[in-house]
Amino acid sequence: MEIIMYSEKVMDHFTNPRNVGEIEGANAVGQVGNPKCGDIMKMYMKINEETNVIEEVKFKTFGCGAAIATSSMATELVKGKTIDEALEITNSAVAEALDGLPPIKMHCSNLAEEAIHAAIGNYYESKGMDTSHLKCGDGCSCCGEEHEGCEHGHGE
Ligand code: FES
């Protein structure tokens, strides 16, 4: 059996995940599922409506160790950022911040990027703002379906 090696940071965020839980009165909530394995992540944010800064963020993930570690790191990365800065965070940036993930577990990091987009999409929708730039055109793992050539780079 092949043994998968994780970085110390992955193990740290898996065994001691940051920002676990829910935020009462969150104004941005997004839930996404990983179509490859069925794992689920829900992200809660409190966004300052004047500055667009994400002041608080928490998550709940029903998933593998890599999904929990990437969720935890993603919340650390978005906290204190503006919405626009948070939307720039990719799944590979989250994986890099954890000193990498084994290739076989890279798909787990998609949940983190997608949950950020889903939560911010929920915030935009609640304000009646356009969310089309947050979504892929044809459906992909961001949207719950697989397809080639996803503009977010993880539809393969
Ligand atoms: Fe499902 Fe990792 S195996 S997110």
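**Exercise 1. At what angle do α2 and helix α5 (residues 110-126) pack, and how far apart are their axes?**

Before we start, two notes on the ground rules. This is a predicted model, in which local features need pLDDT of at least 70 and side-chain atom pairs count only at pLDDT 80 or more, while totals for chains, interfaces and linings use all residues. Residues are numbered from 1 along each chain as its sequence is written.

Step 1. Helices (H or I, at least four residues) and strands (E, at least two) are DSSP runs, numbered from the N terminus. Axes are lines fitted to C-alpha atoms, for helices over the stretch in contact, and angles run from 0 to 180 degrees between N-to-C directions.

Step 2. The angle between α2 and α5 is about 40 degrees, and their axes are 8 Å apart. α2 is therefore oblique to α5. The scale is this: angles under 35 degrees count as roughly parallel, over 145 as roughly antiparallel, 65 to 115 as roughly perpendicular and the rest as oblique.

Step 3. Handedness comes next: α2 and α5 cross in the right-handed sense. A crossing is right-handed if the near helix is turned clockwise from the far one by less than a right angle, and left-handed if anticlockwise.

Step 4. Now the residues, where contact means that C-beta atoms, placed from the backbone, lie within 7 Å. From α2 come Ala 67, Thr 70, Ser 71, Ala 74 and Val 78, and they meet Leu 111, Ala 112 and Ile 116 of α5. Sorted by class, this contact of α2 with α5 holds 6 nonpolar, 2 polar and no charged residues. Here Ala, Val, Leu, Ile, Met, Phe, Trp, Tyr, Cys and Pro count as nonpolar, Asp, Glu, Lys and Arg as charged, and the others, Gly among them, as polar.

**Exercise 2. Describe how helix α1 (residues 8-15) packs on helix α2 (residues 65-78).**

Step 1. Their axes lie 8 Å apart at an angle of about 90 degrees, so α1 and α2 are roughly perpendicular to each other.

Step 2. On the α1 side, Val 10, His 13 and Phe 14 make the contact; on the α2 side, Gly 65, Ala 66, Ile 68, Ala 69, Ser 72 and Met 73 do. These residues divide into 6 nonpolar, 3 polar and no charged.

**Exercise 3. Trace the pairing of the strands, from β1 (residues 28-33) onward.**

Step 1. Strands pair if DSSP finds at least two bridges between them. β1 and strand β2 (residues 40-47) run antiparallel, joined by 6 bridges. Gly 33 stands opposite Ile 40, and Gly 30 opposite Met 43.

Step 2. The hairpin of β1 and β2 has 6 residues between the strands, and Gly 38 in its turn has a positive phi of about 85 degrees.

Step 3. β2 also pairs with strand β3 (residues 54-62), antiparallel over 8 bridges. Lys 42 faces Lys 60 there. In the turn of the β2 and β3 hairpin, Asn 52 has a positive phi of about 65 degrees.

Technical notes:
Two residues are in contact if their C-beta atoms, placed from the backbone, lie within 7 Å.
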